[in-house]
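This report treats selected strand, aromatic and surface features of a predicted model. The structure is shown below.

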Amino acid sequence: NMVYQGVARVFQELGRSVPPFRIVCHNDVPLTRGLGCSSAALVGGLVAGNSVCGGPLAGSDLLEIAAGIEGHPDNVASALRGGCQVAVSHEGRVVAATVPMPDDLAAVLFVPSVPMPTEQARAILESNVARSDAVFNIGRAALLVQALASGDLTGLAVATDDRLHQPARQTMFPAMRNLFKAALGAGALGVFLSGAGPTVLALARGREFTIGYEMADAAAKSGIDGQVKITRPSKQGAHVVESS
């Protein structure tokens, strides 16, 4: 249980014995769908454990612990700090920076009913990539940060394009491109595979229900069942709601 691991790790870091405790979880993040469920659970446990211990660990400490357990800072940085995060590992430390995002930006998710195990989704990727593909993605990563930070989202469809993982993972999820086309055709500003997939995430400013409907329709025509979720990015990361 990743929540338990997070709580227990805080006690271990502080040299304390883990006391008996009970966890009650309410989870709205679908499992094995590329939505960072394990990171959310781990970070929730770390924040809860730190609170129980009186809050001796700083947010940067919790981020280092979380990234060490997950093996990378990608998802845990956003789960802990909120919003859009650029996080990298440098000389054994995590360097994270917040990218401002427009307040009216919405996320439309199509979550397939069939999971895509992360191990398989990673194993299908090539160890080496072409220089042209690396250049392609680096340029789009920079464009993505500029679009989000400036609020000028006209180039978001280009900025969310990819050559490093989506083409390979489409072999595991052939309907992906159909959902991309449907989302953009319905008014999405950009669309991409969430994490390792198979969830498809579209960014929008309006027409969210239409985009969701068209994505679900394209999935159904491809023989894929699933559900649509519409949400908005949260600027607040994991936090304590109430403590006794």
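How many of the 7 residues of strand 3 (residues 106–112) are buried? The count is 7 of the 7, so strand 3 is largely enclosed by the rest of the structure. Both of its faces are covered: Ala106, Val108, Phe110 and Pro112 are buried on one side, and Ala107, Leu109 and Val111 are buried on the other.

Strand 3 pairs with two other strands, as tabulated here.

| Strand 5 (residues 200–204) | antiparallel | 5 | Phe110 and Val200 |

The ring centres of Tyr4 and Phe21 are 5.4 Å apart and the planes stand at 15 degrees, so the pair is stacked, the cut-off for stacking being under 30 degrees. Because Tyr4 lies in helix 1 (residues 2–13) and Phe21 in the loop between helix 1 and helix 2 (37–52), the pair ties together parts that are 17 residues apart in sequence. Tyr4 is partly exposed, with a relative accessible area of 40%; Phe21 is likewise partly exposed, at 33%.

A charged side chain also meets a ring: Arg140 lies over the face of Phe136, at 3.5 Å from the ring centre.

Key: Residues are numbered from 1 along each chain as its sequence is written. This is a predicted model: local features need pLDDT of at least 70, side-chain atom pairs count only at pLDDT 80 or more; totals for chains, interfaces and linings use all residues. Side-chain values use heavy atoms; hydrogens and water are left out. Rings of Phe, Tyr and Trp (its six-membered ring) pair if their centres lie within 6.5 Å; planes under 30 degrees apart count as stacked, over 60 as edge-to-face and the rest as tilted. Helices (H or I, at least four residues) and strands (E, at least two) are DSSP runs, numbered from the N terminus. Buried means under 20% relative accessible area, exposed over 50%, partly exposed in between (1.4 Å probe, protein chains only). A charge sits over a ring if NZ of Lys or CZ of Arg is within 6 Å of the ring centre and within 35 degrees of the ring normal. Two strands pair if DSSP finds at least two bridges between them.
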